[in-house]
Amino acid sequence: MTFDNPILVIGATGKIGSRVASRMAALDHAHRAVSRSTNPAFNWEDPATWADAMRGMRSAFVTYVPDLAAPGAPEVVEHLAAVARAEGLRKIVLLSGRGERGAELSEDRLSRSGLDYAVVRASWFNQNFDEGMLLPSILSGTLALAAGDKLEPFVDADDIADVAVAALLDDRHNGHTYDVTGPRLMTFADAASEIAAAAGRAVNYVPLSIEDFHAALLAEMGRAEADLLTSICAEVFDGRNEWVGDGVQKALGREPRDFADYVRNAIAKGAWRQAA
Ligand SMILES: NC(=O)c1ccc[n+]([C@@H]2O[C@H](COP(=O)([O-])OP(=O)(O)OC[C@H]3O[C@@H](n4cnc5c(N)ncnc54)[C@H](OP(=O)(O)O)[C@@H]3O)[C@@H](O)[C@H]2O)c1
């Protein structure tokens, strides 16, 4: 077990945090995986929990929930960094989202915190389709989103975790912001049809207006969550993210995984077998 740089993984039961924590375990690297359900617990909504979770750690991987685009996120990140400094942490690696103004402000607060840092700025995750919020849509056969025919270079959660782990363990990544994306620009219709063909089920993409998308979300969730998701889609699907990043190549010296590999691996692990 390596003890000189114990690493705190915040959001450790999530899509990315779980992968970062499992890589730390495989490397036999000292780490503490936290979320609201762990002991010690870490709750973004209860800053009194932060210091206990950080005690004895030297670096932290941070996934902020619900999203760095949420109102107040930059202030929360600044607060977290101040607590981290007080607890003796030296470095934070922040998971961020591409094209979000709130995320950029949060990254900026971290860069001015006095801590070493790296930013892993990700496009939409492949794993949204089988581990995340889009799974019910795939199972129902209708993927309805306010993404129009915009192009997105979906990125694999395993590539994001690989970049995060490199940044946590190697100080040569300090001060870097990595735009991590997949290798290919795709529409949501492309993604739906690739999953449909490989999984042998019908999946149709239905582009919604921003108003219809918001109304559909309101039927499923509270207003704050619906407002946030709608504003994120309005922001990131205006064309600004229609480019392929080189963060995986720069951080790891290799190409990112392709969406087709993701679909094949997800099916091998049993994804999308359930009935609607
Ligand atoms: N999905 C995308 O396409 C995408 C793209 C770019 C960036 N991002 C960013 O990725 C981050 C989300 O990462 P993810 O998808 O890996 O997360 P996730 O799968 O949604 O999991 C969320 C994690 O956060 C924990 N959590 C939830 N509420 C919490 C709270 N109040 N306090 C502390 N922990 C809490 C959860 O565990 P418990 O329930 O046990 O607390 C879980 O470990 C967000 O910052 C998002 O902006 C996402």
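Me: On what basis are residues numbered and values computed here?
Reply: Residues are numbered from 1 along each chain as its sequence is written, and side-chain values use heavy atoms, with hydrogens and water left out. As the model is predicted, local features need pLDDT of at least 70 and side-chain atom pairs count only at pLDDT 80 or more, while totals for chains, interfaces and linings use all residues.

Me: How many residues surround the ligand?
Reply: The closest residues are Thr 13, Arg 36, Ser 37, Tyr 64 and Asp 67. By class, the shell has eleven nonpolar, ten polar and three charged residues. The number that surround the ligand is 24.

Me: Which strand gives the most residues to the shell around the ligand?
Reply: Strands are DSSP runs of E with at least two residues, numbered from the N terminus. The strand in question spans residues 91-97 and supplies three residues. It is β4.

Me: How much of the ligand's accessible area does the protein cover?
Reply: A polar side-chain atom of Thr 13 lies 2.6 Å from an oxygen atom of the ligand, and a backbone N or O atom of Lys 15 lies 2.9 Å from an oxygen atom of the ligand. An N or O atom in the side chain of Asn 128 is 2.8 Å from a ligand oxygen atom. Of the 910 Å² of accessible area (Shrake-Rupley method, 1.4 Å probe) that the ligand has on its own, the protein covers 83%.

Me: Is Asn 128 buried or exposed?
Reply: Asn 128 is placed in the loop between β5 (116-122) and α5 (135-140). The residues it touches, with heavy atoms within 4.5 Å, are Lys 15, Met 133, Leu 134 and Leu 135, not counting residues up to four places away in sequence. Buried means under 20% relative accessible area with a 1.4 Å probe and protein chains only. Because its relative accessibility is 8%, Asn 128 counts as buried.

Me: Where does His 173 lie?
Reply: At 8% relative accessibility, His 173 counts as buried. Among the residues that His 173 touches are Tyr 117, Tyr 178 and Ala 251. His 173 lies in the loop between α6 (157-169) and β7 (177-180).

Me: Which helices are included in what covers the buried residues of α9?
Reply: The buried residues of α9 include Leu 228, Leu 229, Ile 232 and Val 236. What covers the buried residues of α9 includes α4 (101-111) and α8 (210-218).

Note on methods:
A residue is near a molecule or strand if one of its heavy atoms lies within 4 Å of it. A polar contact is a pair of N or O atoms within 3.5 Å; within protein, one must be able to donate a hydrogen and the other to accept it, and residues adjacent in sequence count only if both atoms are side-chain atoms. Helices (H or I, at least four residues) and strands (E, at least two) are DSSP runs, numbered from the N terminus. Ala, Val, Leu, Ile, Met, Phe, Trp, Tyr, Cys and Pro count as nonpolar, Asp, Glu, Lys and Arg as charged, and the others, Gly among them, as polar. Buried means under 20% relative accessible area, exposed over 50%, partly exposed in between (1.4 Å probe, protein chains only).
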